[in-house]
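This report describes a single protein chain, from its overall make-up to selected residues. The sequence and the structure are shown first.

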Amino acid sequence: YHGSCQICNATNCQKCGNEMTCSRCYAGKFLNNSAVCIENCKAPLIPDKNARKCVTISNCSVGSHNQATCTECASLYDEVNKQCVNQCSDPTFLDMNGTMCVSDCASGVASTDRKCISGCNKVVYKKMCYDTCPAYTQGNLCLEQCPSSHPYNDNKVCKVNCGEKFANGMNCVSSCP
């Protein structure tokens, strides 16, 4: 059958699917919907370097560098926005391998420069590790706001009451304004 396979006789076809169609292209070429090996896929299809086919984003082969684009990024791949980027920005974090921007770190925590880290022996706030809490504290908790059980803010420390200080709304002050 190989002798009569018209498309497989083309220089870019590595393997014949049946006597009339190509099933796999040589590296650097991609099989389009017409079973022809081409250099560049036409939008909305993108090249899958492993399968050597033009595919939709949802059909990338397992084992591609990143399955959302089937290609490798020159710098970083943003898994959330499905694009190549130079640096991770909110709400993403640089993964532990340093190759991808992810919505959540596998460890559950990142450094303040948005890099996933294995753990935090200081303060975790909004999935990031800080030396000190940038918001409100209640005991060893770092909180976005004071809870109703400890509603008073005394220099970013949540308390049941203001004690020796004066309450100005929900803030503790040394003297009344």
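## Basis and overall composition

Helices (H or I, at least four residues) and strands (E, at least two) are taken as DSSP runs and numbered from the N terminus. By that definition, the chain has zero helices and 19 strands. The model is predicted: local features need pLDDT of at least 70 and side-chain atom pairs count only at pLDDT 80 or more, whereas totals for chains, interfaces and linings use all residues. Residues are numbered from 1 along each chain as its sequence is written, and side-chain values use heavy atoms, with hydrogens and water left out.

The chain comprises 177 residues, of which 34% count as buried; buried means under 20% relative accessible area, exposed over 50%, and partly exposed in between (1.4 Å probe, protein chains only). With contact defined as heavy atoms within 4.5 Å, 8% of the contacts between residues at least 6 apart in sequence join residues at least 24 apart.

## The sheet of β11, β13 and β12

Two strands pair if DSSP finds at least two bridges between them. An open sheet of three strands has the order β11-β13-β12, with mixed pairing. Its edge strands, each pairing on one side only, are β11 (110-111) and β12 (123-125).

Strand β13 (residues 128-130) runs antiparallel to β12, and three bridges join the two. Within this pairing, Val-124 stands opposite Cys-129 in β13.

## Surroundings of Arg-114

Arg-114 is located in the loop between β11 and β12. Arg-114 counts as buried because its relative accessibility is 14%. Leaving aside residues up to four places away in sequence, Arg-114 touches Cys-88, Ser-89, Asp-90, Pro-91, Thr-92, Phe-93, Leu-94 and Met-128.

A polar contact is a pair of N or O atoms within 3.5 Å; within protein, one must be able to donate a hydrogen and the other to accept it, and residues adjacent in sequence count only if both atoms are side-chain atoms. The side chains of Arg-114 and Asp-90 are joined by such a contact of 3.3 Å. A polar atom of the Arg-114 side chain also lies 2.8 Å from the backbone oxygen of Thr-92.

## Val-55 in strand β6

Val-55 belongs to strand β6 (residues 53-55). With a relative accessible area of 10%, Val-55 is buried. The C-alpha atom of Val-55 is separated by 9.0 Å from that of Leu-31, 24 residues apart along the chain.
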